[in-house]
Amino acid sequence: MLTLATQTKKFGPTCLLTFVLLALFLAAGTAVAQVPLTQISTDTFTNSSSQHQTEVEPASYAVGSTIVSVFQVGRFTDGGSSDIGFSTSTNGGTTWTHGSLPGITKIEGTGTYDRASDTSVTYNVKNKVWLAEVLALSATGGPHGAAVLVSSSTDGITWNNPAVVSKVESGGYYDKPWIGCDNHPKSPFYGNCYVEWDDFSQFDLIEMSTSTDGGKTWSAKKTTSGQASGNGGLPLVQPNGTVIVPIDDPFLSSVLAFKSTDGGATWTAPVTVAFISEHFVAGNMRALPLVAAQIDAAGKVYVVWADCSFRTSCSSNDIVISTSNDGTTWTAPARIPIDPVTSTVDHFTPGLTVKPGSSGSTAAIGLSFYFFPKANCTACNLSVGYVASTNGGATWSRRRTLTNGISPNWLASTTSGQMAGDYITAEIQGGVVHGIFASAKAPSGSTFNEETFTNTTAVADIAADEPQFSSANDKPVPNAHSDRPKRTTPHREDQR
């Protein structure tokens, strides 16, 4: 049944210039934006069991002038949220319509599951349908991933009740699903969509499912060759139909990748892309070294993650990048030169976007991320930054700050720390970029003020005369290693 999401509202641009000026004279207590921001959604739930107002962990996808974002709304401390929210712009980010996905949670009112988490969104060109993937949670016996679902929409605003990709077996624990589609008309598998997730109860066993009918039905789940384990895989499809899935290992200590060349019928064993050296992020932040990844028009895959290998004594994280043309052979990680290696800045939780149609040495890449200006801070200032490359990552622009002045104490609390999200996102349309991220102001009593925002004025492409920065001469510190204790069990939603 086609259901228009309830609680739908239009958001237009909200200029914060006056606010920024006032902030120079007022005591601290509100996040200060470096550019005008537009709030694109709000938490409308009132159930007492989760934290309000909180919106965390956005994902997004853009086609033409339409941008669709999805995120958790009303975060529970021990995992999941009241429902998945969406916010959609059909005019390139000028105005936004928001609501909640139907048919998932009891809290929203039309679903059967207790909570929702880990959402992503894509578009299927062949079937002309938006697809939002959701991890549905059961609270029985403790919150756990009970099913992977996919909701569909023809316009990004009116959503169907979800199709079931897979339900967990008794004692299982699904986690970290993600969706991607084959939008290449010359591919032998044009129109296929792929969802990846892991089962924590089976040592983060990697599982995959394929749809050949626009997300209406899904195949029985499959594992990789050798039944490999991993966490946070992102299916990306090359023009020839090969699906490449970058993923963390179960301990979040290395980056892996596996692939399928037969439309999801079989999946290879993962190869190792790189090992992760991780600086422990301050502020009691939930900041995991999970990968973000994108693919350009020619099929080159770009993978980024937070890593301290280029910093003496692992003093803070940079964002590093590795690329591959085939999913098997990967370049050595290179540091993205957001700040000098001598700086105190700690960068984490990256989001990656590639301009549609661009590729290779002229690929236009956008990177958004959270950062602390001072690593190992006590009174921490959480900020959102953005850098861009117009030459496939050879050089990068100066850092633009989209918002700053956020105290981690203003964010939703979880058993893994204060949460803005395990992911952040941005979309390039034409020559401009819209970042989509959680930002926050000081709570009002027990009510939070953590909502989803974008930059009101789109961030322009790099100007012709703008300085460019390269890390070509940067080398990892010999014997670099993490400064946080090694994880001894696989990561899951409700644990560190």
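I started with the largest pocket and found that E4 gives the largest share of its lining, 6 residues. This is a predicted model, where local features need pLDDT of at least 70, side-chain atom pairs count only at pLDDT 80 or more, and totals for chains, interfaces and linings use all residues. Residues are numbered from 1 along each chain as its sequence is written, and side-chain values use heavy atoms, with hydrogens and water left out.

Terms, for my own use: a pocket is an open set of points on a 1 Å grid over the protein atoms alone, places where a 1.4 Å probe fits, with protein on both sides within 12 Å along at least five of seven lines, and lining residues have an atom within 4 Å of a point. Strands are DSSP runs of E, at least two residues, numbered from the N terminus.

Back to the largest pocket: I read off a volume (the space filled by probe spheres set on the points) of about 1,000 Å³. I noted 47 lining residues, with Tyr 61, Thr 122, Gln 294, Ile 295 and Val 354 nearest the centre. Strands giving two or more residues to that lining include E4 (55-63), E8 (115-124) and E24 (346-354).

Next I looked up Ser 41, which sits in the loop between strand E3 (37-39) and E4. I put Ser 41 down as buried because its relative accessibility is 1%, and buried means under 20% relative accessible area with a 1.4 Å probe, protein chains only. Its side chain makes a polar contact with the side chain of Glu 55 at 2.7 Å, and Ser 41 makes another, side chain to side chain, with His 98 at 3.3 Å. A polar contact is a pair of N or O atoms within 3.5 Å, one able to donate a hydrogen and the other to accept it; residues adjacent in sequence count only if both atoms are side-chain atoms.

Note on methods. Helix = DSSP H or I, 4+ residues; strand = E, 2+ residues; numbered from the N terminus. Buried < 20%, exposed > 50% of the residue type's maximum accessible area, 1.4 Å probe, protein only.
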